[in-house]
Each structure stands twice: as C-alpha cells, then as structure tokens.
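Student: I am new to this structure and would like a guided tour. Could we look at it together?

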Amino acid sequence: MILVEGTSDRLAVETLARCRGRDLAEEGVSVVPIGGAQAIGSFVERLGRQDVRLAGLCDEGEERHFRRALERAGLGDDLTRADMESLGFYVCVADLEDELIRALGADAVLRVVEEQGALSSFRTMQKQPEWRGRRTDEQLRRWIPKIRYASLLVEALAPDQVPRPLDRLLDHV
C-alpha cells in the first residue's frame with residue numbers, strides 16, 4: 001500500500017505506473033490519499049498492525065510527520081531521509097508539483113496548460129501585482145490546479161525526466 005498526502009499525488013503515482021505498463025491494482029498495490037500528512041500516524045499504526053507492506057510519498061514540509069510516524073511504529077530511531085527511503089518513504093522537494101515542473105521545465109508545462117485551453121487564465125494570474133516579475137516556474141507552482149494537472153504533467157514526462165521520489169517509489173513497490 002502506498003500512502004500519499006492527497007488525490008493529486010495518487011493520480012500522479014497511478015499515471016506513472018500506467019505509463020510504465022504496470023497495473024498496480026492487479027499487483028495488489030493500492031494508492032491511498034490520507035488527507036494530509038498529519039494523518040500518517042494513524043494510518044501507519046492501524047495498517048502496521050494488519051501487517052500491510054507500506055510505502056509513501058510526502059512533501060518536504062511534511063517530512064517530519066512521516067518520520068515521526070515511522071519512528072513511533074518502531075521502524076527506527078532518528079530516521080534520516082535515506083533511512084526513510086530504505087523503508088519505502090520518499091520526500092518531494094518542495095512538493096510533487098514542484099518536482100514535476102522542474103523535471104519538465106516551465107516551457108513544457110506551459111505547452112500542457114495551453115493544450116488544456118487554460119493559458120489565458122495563467123496569463124491573467126501572471127499580471128497580478130504580487131506575481132509580476134517572479135519566475136515562471138514559481139508562478140506555475142502557485143497557479144496549477146493540482147488534481148487537474150497531476151496526470152497530464154506525468155504523461156508529458158520523458159522516461160528520463162521522472163522525478164527521483166516518484167521514480168524510486170514505483171521501483172520500491
């Protein structure tokens with residue numbers, strides 16, 4: 001079972017698996033959005049008692065919640081990020097959308113946005129005073145509707161562009 005923070009993360013994981021010709025459900029792997037990192041403790045505790053093999057993906061800002069939950073479950077003390085990875089838990093810098101935008105590059109993301117007919121909406125946001133002069137990747141990260149674009153951005157990736165946390169997570173399960 002893969003534990004992720006939200007629905008957009010689930011969509012990204014499932015899309016990458018499908019792009020790689022994998023059927024996670026057929027493999028007996030479910031991807032479960034836990035409703036935010038603060039919920040990880042109860043999931044790890046409950047599922048650990050059921051002897052379910054766990055893996056997960058979280059944002060850098062939520063890493064401490066995942067680390068604490070794994071430590072409380074008796075999976076290690078003073079876990080480092082490498083320790084978490086050895087347990088199957090991977091951290092996105094800063095979050096999965098940021099990883100995808102960096103992997104693709106702003107121009108490629110803008111092409112996806114344009115293909116979806118939403119470029120004018122993004123351009124309107126860019127004109128707002130608080131966003132003028134900022135880098136396009138920062139603007140995209142703020143603007144992008146996560147659930148709508150998670151699968152689209154993953155589908156736009158070349159095999160060698162897959163962000164490390166997402167790539168390693170799928171390799172782990």
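**A first walk through the model**

Tutor: Let's begin with the surface: the protein exposes about 8,800 Å², and carbon and sulfur atoms supply 45% of that area. Accessible areas here come from the Shrake-Rupley method with a 1.4 Å probe, and for residues only the protein chains shown count as cover. This is a predicted model, in which local features need pLDDT of at least 70 and side-chain atom pairs count only at pLDDT 80 or more, while totals for chains, interfaces and linings use all residues. Residues are numbered from 1 along each chain as its sequence is written, and side-chain values use heavy atoms, with hydrogens and water left out.

Student: Which pattern does the protein follow along the sequence?

Tutor: Helices (H or I, at least four residues) and strands (E, at least two) are DSSP runs, numbered from the N terminus. The protein has 10 helices and four strands. Read along the sequence, their pattern is β-α-β-α-β-α-α-β-α-α-α-α-α-α.

Student: What is the radius of gyration of the protein?

Tutor: The C-alpha trace spans about 50 × 35 × 25 Å along its principal axes. The radius of gyration is taken over C-alpha atoms, and the globule rule is 2.2 Å times the number of residues to the power 0.38. For 173 residues that rule gives 16 Å, and the protein comes close to it, so it is as compact as a globular protein of that length, with a radius of gyration of 17 Å.

Student: What percentage of the residues in the protein is buried?

Tutor: Buried means under 20% relative accessible area, exposed means over 50%, and partly exposed is in between (1.4 Å probe, protein chains only). Of the 173 residues in the protein, the buried share is 46%.

Student: Among contacts between residues at least 6 apart in sequence, what percentage joins residues at least 24 apart?

Tutor: Contact means heavy atoms within 4.5 Å. Among contacts between residues at least 6 apart in sequence, the share joining residues at least 24 apart is 73%.

Student: Is T15 buried or exposed?

Tutor: T15 is found in helix 1 (residues 7–19). Leaving aside neighbours within four places in sequence, T15 is in contact with S151, V154 and E155. Its relative accessibility is 2%, so T15 counts as buried.

Student: E155 came up there; which residues is E155 in contact with, leaving aside its neighbours within four places in sequence?

Tutor: E155 has its place in helix 9. With 43% relative accessibility, E155 counts as partly exposed. Leaving aside neighbours within four places in sequence, its contacts are T15, R18 and C19.

Student: Which elements do the buried residues of helix 9 pack against?

Tutor: In helix 9, the buried residues are Y149, A150, S151, L153 and V154. They pack against helix 1, helix 5, helix 6 (106–115), helix 8 (136–143) and helix 10.

Student: Within what arc do the buried residues of helix 10 fall?

Tutor: Helix 10 (residues 164–172) has P165, L166, L169 and L170 as its buried residues. Seen down the helix axis, they line one face of the helix, because they fall within an arc of 125 degrees. That arc is the one of the directions from the helix axis to the C-beta atoms.

Student: What covers those buried residues of helix 10?

Tutor: Strands and helices both take part. The cover includes strand 1 (2–4), helix 1, strand 3 (55–59), strand 4 (89–92), helix 5 (96–104) and helix 9 (146–156).

Student: Which residues is D167 in contact with, leaving aside its neighbours within four places in sequence?

Tutor: D167 lies in helix 10. It is partly exposed, with a relative accessible area of 22%. Leaving aside neighbours within four places in sequence, D167 is in contact with R20 and V162.

Student: Where is D78, and is D78 buried or exposed?

Tutor: D78 lies in the loop between helix 3 (63–72) and helix 4 (81–86). Phi of D78 is near 50 degrees, a positive value in a residue other than glycine. At 69% relative accessibility, D78 counts as exposed.

Student: What is omega for the peptide bond from V93 to A94?

Tutor: A94 is found in the loop between strand 4 and helix 5. The peptide bond leading from V93 to A94 is cis, with omega near -20 degrees.
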